[in-house]
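User: I'd like a close look at one part of this protein: the nonpolar core, together with the strands and loops around it. Could you walk me through what is there?

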Amino acid sequence: MKFAHVLTCFALAFGLCQTASAQTARVPVVAAENFYGDVIHQLGGDHVQVTSILSNPDQDPHLFEASPKTARALQHAALVVYNGADYDPWMDKLLGASKSNDKRTVIVAAQLVGKKSGDNPHLWYDPATMPTVAKAISAYLASTDPAHKSDYDARLAKFLDSLKPIDASVAQLKARYHGVPVTATEPVFGYMADAIGFEMRNMHFQMAAMNETEPSATDIAAFENDLRERRVHVLIYNSQATEALTKRMLGIAKDAHVPTISVTETLPAGKTYQQWMSSQLDSLSGALQGWQR
Ligand SMILES: [Zn+2]
């Protein structure tokens, strides 16, 4: 009796009671960023147990430091998904330090889409990235849990289908606004802006802001002039990294009547990846409504 009691407590402590009674263990997955975590959940449903590391929308992910709690979550993961391209260098360190799991599979988004250190790391804003990452995740799930392959296949098809309205929004924005000069305080939205075909200005400033270095006086003056003289038609800012300089640019944009839209690095609570992307494209569309070629 005593032994059984200990077993029950052990199961409770690890939240395994339900899965144990259902006779199927969930596939433990760790996602470094919550937008990948959301997609994994959509692709795996109840067959996966997803832990996302970066999920606080008030935190600047570029300044994140991994905690011992993060390291523990990784130890039991069968699948680890992270961005790469120097966005989450702490993942390499953590994976190198936790040797316990030889059978762990690691999917790095940057490797799948051919990006490397030094490239803009905000890959999930590229409409081409998530389908590629999703296919790799789904293939892994089907191979590690073949009993549910048909479910994984159906979920992947549904996921890919659900991205079509996003592609349609991008195509619509491209038709109307390609070549329109815009600017941003950080390159977080960069790949989406490229997909739309905007002329993105002040890249020097943006890279400095992302890397937590001070933009040069020339870069700051160029940015301010673009806003004051209304050479740009929208200012895109990262609401997760609002330093003094970002606030200053927002003030100048407001005075000059340049519309602003906020984007976030990580997935806001309560939204799916698709809802997040769609709502940002909608606010962009709204900001540009009064613009005429
Ligand atoms: Zn960023």
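Predicted model: local features only at pLDDT ≥ 70, side-chain atom pairs only at ≥ 80, totals over all residues.

Analyst: Happy to. Helices (H or I, at least four residues) and strands (E, at least two) are DSSP runs, numbered from the N terminus. Residues are numbered from 1 along each chain as its sequence is written.

Tyr 87 is buried, because 26 other C-beta atoms lie within 10 Å. The cut-offs are these: a residue is buried if 20 or more other C-beta atoms lie within 10 Å of its own, exposed if 12 or fewer, and partly exposed in between, with C-beta atoms placed from the backbone. Tyr 87 and His 62 are 25 residues apart in sequence, yet their C-alpha atoms are 6.9 Å apart in space.

Now to the core itself. A nonpolar core is a set of buried Ala, Val, Leu, Ile, Met, Phe, Trp, Tyr and Cys residues joined through C-beta atoms within 7 Å. The largest one here has 72 residues, and those with the most contacts inside it are Val 29, Val 39, Ile 40, Val 81, Ile 137 and Leu 235. Helix H7 (residues 129-144) gives the most to this core, with six residues. Domain 1 (22-161) and domain 2 (165-288) both contribute residues, so the core lies between them; the domain bounds come from an automatic or database domain assignment.

Two residues are in contact if their C-beta atoms, placed from the backbone, lie within 7 Å. Leaving aside neighbours within four places in sequence, Leu 235 is in contact with Thr 183, Ala 184, Leu 227, Met 249, Ala 253, Val 258 and Thr 260.

From there, follow strand S7 (residues 235-238), which pairs with strand S8 in the parallel sense over four bridges. Two strands pair if DSSP finds at least two bridges between them. Asn 238 stands opposite Val 263 in S8.

Next, turn to strand S2 (residues 48-54), which is mostly covered, with seven of its seven residues buried. Strand S1 (residues 27-33) pairs with S2 in the parallel sense over six bridges, and Val 27 has Val 48 as its bridge partner in S2. Between S1 and S2 the chain passes through helix H3 (residues 34-44), and this β-α-β crossover is right-handed. That means that, with the strands pointing away from the viewer, the path from the first strand over the helix to the second runs clockwise.

Past S2, Asp 60 lies in the loop between S2 and helix H4 (68-75). Asp 60 is partly exposed, because 17 other C-beta atoms lie within 10 Å. Asp 60 and Gln 240 are 180 residues apart in sequence but 5.6 Å apart in space, C-alpha to C-alpha.

For the wider setting, residues 24 or more positions apart account for 64% of the contacts in the protein chain with a separation of 6 or more. Buried residues make up 37% of the 293 residues in the chain.
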